[in-house]
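Welcome, and thanks for taking a look. Please have the sequence and the model open side by side as you read.

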Amino acid sequence: METFADKVIDFNRNLKYSGNLPEGFSVLNPYLDNPETMIVMQEFYHKYYNDSEQRKFIVGINPSRHGAGVTGVPFTDTKRLETQCGIEMKSAHTHEISSVFIYDMIAAYGGVAKFYRDFYINSPFPLAIVRNTNNGWLNANYYDDKKLFENVKGFMIESLKKHISLGLDTSEVFILGKKNADFINKLNKEEHLFDRITVLEHPRYIQQYKSKEKEMYIDKYIVALSGKNNTE
């Protein structure tokens, strides 16, 4: 019987974006760029998703070039992959600010095994998007440019449907980032993917602008993800 892990690995193995992009934008595919990414990604999913249990869906924006853009694991840089998940990546060493918050939150939830048994994290555009600037190639969000969003919209809808088909609970989805949620809301009205959308502040925003209130945001995540704010 095909496990959740098998389905995710198959999804990632076949992941490619061949659509149009506006001038100055590019898509990074870590599975093609670094052979070790495929190895550590498979090890991660076999370790935490080797079952057929249904999970809740946490939706990011699109991977950063230092997080899943290297490791193939959403919101997981090589530091957290090794120290928290016990999986070493030899060919790359990255630090990603959002990964710090996510793994502090996961620790508060009860640890990686418990968290990943309950949740699956990914993005509507599951590959890293970069933009050519005066400072070189920098991370970009799918919604940073109107034409970019129009180009990738169909791919995003298809990706969300494929994520759901892995075995996800669609009664409630957790969207990271308010602007991200605005766009997912629009897609959801068109495609009717999720019954209810719960919005949480994006980890990067919290780490960068609200670090003094980090514990409050971790508590907010735990309450939302545990379903405690849905009880009467």
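## A cavity and a set of strands

Helix 3 (35–48) and strand 3 (119–122) each give at least two residues to the lining of the largest cavity; helices (H or I, at least four residues) and strands (E, at least two) are DSSP runs, numbered from the N terminus. The model is predicted, with local features needing pLDDT of at least 70 and side-chain atom pairs pLDDT 80 or more, while totals for chains, interfaces and linings use all residues. Residues are numbered from 1 along each chain as its sequence is written, and side-chain values use heavy atoms, without hydrogens and water.

Searching the whole structure turns up one cavity of 30 Å³ or more. A cavity here is a set of points, on a 1 Å grid over the protein atoms alone, where a 1.4 Å probe fits but cannot get out, and lining residues have an atom within 4 Å of a point. The largest cavity holds about 40 Å³ of space. Around it sit Phe44, Tyr45, Tyr49, Val73, Pro74, Tyr116, Tyr120 and Ile121.

Now to the strand pairs, where pairing takes at least two DSSP bridges:

| Strands | Sense | Bridges |
|---|---|---|
| Strand 2 (residues 55–59) and strand 6 (residues 168–176) | parallel | five bridges |
| Strand 6 and strand 7 (residues 197–200) | parallel | four bridges |

Arg55 has Leu168 of strand 6 as its bridge partner, and Leu176 stands opposite Leu200 in strand 7. From strand 6 the chain passes through helix 9 (residues 178–191) to strand 7 in a right-handed β-α-β crossover, that is, clockwise from the first strand over the helix to the second with the strands pointing away from the viewer.

Notes
On a 1 Å grid over the protein atoms alone, a cavity is a set of points where a 1.4 Å probe fits but cannot get out, and a pocket is an open set with protein on both sides within 12 Å along at least five of seven lines; lining residues have an atom within 4 Å of a point. Grid points are joined across faces, edges and corners, and a volume is the space filled by probe spheres set on the points.
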